[in-house]
Amino acid sequence: MNAMTPQISSTSVSLLPSAEELDRALRDASPADIIAAALKTVGRDKLALVSSFGTESATLLKVASDVDPAIPVIFLDTGWLFEETLAYRDTLVETLGLKDVRSIKPAEEALTREDPDRDLWFSDPDACCRIRKVEPLARALAPFSAWLNGRKRFQGHTRANIPVVEDDGARLKFNPFANVSREELEAIFVRAKLPRHPLAASGFRSVGCMPCTSRTAEGEDERAGRWRGRAKTECGIHTMKTS
């Protein structure tokens with residue numbers, strides 16, 4: 001279907017349509033139409049796509065690149081990522097012709113102050129995620145009025161009811177793949193002949209930082225391998241507003 005969005009001539013947050021208004025208009029739209037609507041609403045200079053370059057990331061990046069390959073892509077290089085993820089980032093940048101990928105790292109002063117021995121992931125994983133993901137992302141998103149991410153409702157109970165568009169404080173947050181099924185995701189991979197994350201074949205269905213990522217057994221939740229053995233299920237960037 002064609003996405004219907006209000007005509008916006010200013011990127012001032014106060015003049016943007018509400019998340020609720022956009023969600024109503026886009027709740028049944030295709031991922032490409034949702035991305036196009038986000039682009040039309042705030043403009044390329046004010047829209048960012050946040051990607052982990054994980055096992056499912058190629059699909060969102062592919063659809064976004066078909067809409068506009070120059071949409072800025074923010075990649076959080078936490079310092080704990082698998083080498084395979086860094087290599088996959090480079091592969092997808094070349095394969096999809098992404099023109100503006102920004103690799104963001106944690107602040108050195110925060111690492112020195114809070115994680116001098118590089119073992120914070122074990123003693124306080126929430127704090128580790130805060131200084132390595134949440135705070136760097138907040139800084140990276142500061143110039144933008146809206147952002148895109150790849151969450152899907154099928155990924156687990158904490159994501160089962162995410163809207164297509166939600167309020168993120170000072171900016172809008174678009175979830176273009178909220179309604180996408182596993183089968184539709186796989187179809188994008190096959191149709192576009194997208195390369196797979198190097199770790200996917202060895203049982204990693206969701207890939208984050210090395211210390212907190214494990215393989216997922218058959219029948220387990222999509223993200224069961226993340227922070228295994230802990231109550232933690234999210235890094236924090238999707239459980240609190242970034243502004």
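## Phe204 and the basis of the model

At 6% relative accessibility, Phe204 counts as buried (buried means under 20% relative accessible area, exposed over 50%, partly exposed in between, with a 1.4 Å probe and protein chains only). Phe82 is likewise buried, with a relative accessible area of 12%.

The model is predicted: local features need pLDDT of at least 70 and side-chain atom pairs count only at pLDDT 80 or more, while totals for chains, interfaces and linings use all residues. Residues are numbered from 1 along each chain as its sequence is written, and side-chain values use heavy atoms, with hydrogens and water left out.

## Overall architecture

The protein contains 8 helices and 6 strands (DSSP runs numbered from the N terminus: H or I of at least four residues for helices, E of at least two for strands). Along the sequence, these elements follow the order α-α-β-α-β-α-β-α-α-α-β-β-β-α. Of the 243 residues in the protein, 51% are buried.

## Nonpolar cores

The largest nonpolar core has 45 residues (a set of buried Ala, Val, Leu, Ile, Met, Phe, Trp, Tyr and Cys residues joined through side-chain atoms within 4.5 Å). Helix 2, residues 31-42, gives the most to this core, with 6 residues. A second, separate core has 9 residues, including Ala48, Ile74, Ala140 and Leu141.

Within the largest core, the residues with the most contacts are Leu26, Leu47, Leu49, Leu61 and Phe174.

## Aromatic pairs

The protein has 3 aromatic pairs (ring centres of Phe, Tyr or Trp, the latter by its six-membered ring, within 6.5 Å; planes under 30 degrees apart are stacked, over 60 edge-to-face, the rest tilted). One of them is the edge-to-face pair Phe53 and Phe75, at 5.2 Å centre to centre with 85° between the planes. Phe53 lies in the loop between strand 1 (47-50) and helix 3, and Phe75 in strand 2 (residues 73-76), so the pair ties together parts that are 22 residues apart in sequence. Phe53 and Phe75 are both buried.

Phe82 and Phe204 also form an edge-to-face pair, at 5.8 Å centre to centre with 65° between the planes. This pair links distant parts of the chain, 122 residues apart: Phe82 belongs to the loop between strand 2 and helix 4, and Phe204 to the segment after helix 8.

## Helix 8

In helix 8, which spans residues 182-192, Leu185, Ile188 and Phe189 are buried. They cover an arc of only 95° around the axis, which puts them on the same side of helix 8 (the arc is that of the directions from the helix axis to the C-beta atoms). The buried residues of helix 8 pack against helix 3 (57-67) and helix 4 (83-96). On the face turned away from this buried side are the exposed residues Glu183, Val190 and Arg191.

Ala187 also lies in helix 8 and is partly exposed, with a relative accessible area of 31%. Ala187 and Thr59 are 128 residues apart in sequence, yet their C-alpha atoms are 9.4 Å apart in space. Lys193 follows helix 8. This lysine is not a glycine, but Lys193 has a positive phi of about 55°. At 73% relative accessibility, Lys193 counts as exposed.

## Charges over rings

Two arginines can be described here. Arg196 lies over the face of Phe189, at 4.2 Å from the ring centre (NZ of Lys or CZ of Arg within 6 Å of the ring centre and within 35 degrees of the ring normal). Phe189 is one of the buried residues of helix 8.

Arg118 lies over the face of Trp80, at 4.3 Å from the ring centre. Arg118 is located in the loop between helix 5 (108-114) and helix 6 (120-123). Its relative accessibility of 40% makes Arg118 partly exposed. The phi of Arg118 is near 55°, a positive value in a residue other than glycine.

Conventions. Contact means heavy atoms within 4.5 Å.
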